[in-house]
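Open the model in your viewer and colour it from one end to the other. The stops below say what to select and what is there.

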Amino acid sequence: MSITRQSAARRVRTGLAAAAITGAGIAGLLGVSSAASASTISHARTDGWSVVTTCTGLSGKITYSPGMLTIKKRSVHAVMTGTTSGCSNINAGAFSGTGTFTAILSGTASVHAENFSGTFTINWPAGSGFNPSNGSISVTEANGLETVSGSVTSGAWTSAVLGGQYVTTGNTGKGTVTKPVKAQTYTNTQPLNLSENFG
């Protein structure tokens, strides 16, 4: 690390919390609590893993084919779409407007247990000037809480680690053989974060 980066890191380290993780691809929360809003993320970088870009809001819809059952898991294809809000970057500051989040997933799932993997694209708010971030993603469920993890493989912030959590807020279908759950709405419980390792 250069002397300039070390000096900058020391200036912002006091009193600030960074998202610490042990390596790329780790499942679970990869960042700060909801208190780390767009107004504070621009001051949060420290040595080691730090959140570089965050969106405090993410909500939307997930469609499933075939639909999910309550009684057992089966192979399912899922498409997750959503709108991001409250996005900001450590250097660029807050982004005005909203963006989009899309994930194409497959795996085994029931209404109360999911294990998906696939690819994602984050389209940042148009006014930000940043290219989309594309990468790999996994989504797992435990006790009704969905955990998102992954990494950016191309576009803005390549090599950053993705993390977040959400809960489902509604179902289309009942989870039976005749009326499987074919769609769900969701909202995030923690920010959608991209983290990088500054050494």
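Helices (H or I, at least four residues) and strands (E, at least two) are DSSP runs, numbered from the N terminus.

This is a predicted model, in which local features need pLDDT of at least 70 and side-chain atom pairs count only at pLDDT 80 or more, while totals for chains, interfaces and linings use all residues. Residues are numbered from 1 along each chain as its sequence is written, and side-chain values use heavy atoms, with hydrogens and water left out.

Now show the whole chain. Of its 199 residues, 43% count as buried; buried means under 20% relative accessible area, exposed over 50%, and partly exposed in between (1.4 Å probe, protein chains only).

**Stop 1: the disulfide.** Select Cys-55 and Cys-87, which form a disulfide with their sulfur atoms 2.0 Å apart; a disulfide is a pair of cysteine sulfur atoms within 2.5 Å. The pair links distant parts of the chain, with Cys-55 in strand β1 (residues 49–68) and Cys-87 in strand β2 (residues 74–89), 32 residues apart. With 105 degrees about the S-S bond, the link of Cys-55 and Cys-87 is right-handed. Cys-55 and Cys-87 are buried.

**Stop 2: aromatic pairs.** Rings of Phe, Tyr and Trp (its six-membered ring) pair if their centres lie within 6.5 Å; planes under 30 degrees apart count as stacked, over 60 as edge-to-face and the rest as tilted. The count comes to seven aromatic pairs.

Select Tyr-64 and Phe-116: the ring centres are 6.3 Å apart and the planes at 20 degrees, so this pair is stacked. Because Tyr-64 lies in strand β1 and Phe-116 in strand β5, the pair ties together parts that are 52 residues apart in sequence.

Next select Trp-124 and Trp-157, an edge-to-face pair at 5.2 Å centre to centre, with 85 degrees between the planes. Both are buried.

**Stop 3: Glu-114.** Which strand holds Glu-114? Glu-114 is in strand β5 (residues 113–123). Glu-114 is buried yet has no salt bridge; the nearest side chain of opposite charge, Lys-73, is 9.8 Å away. A salt bridge is a side-chain nitrogen of Lys or Arg within 4 Å of a carboxyl oxygen of Asp or Glu; Lys and Arg count as positive and Asp and Glu as negative, with His and the chain ends not counted.
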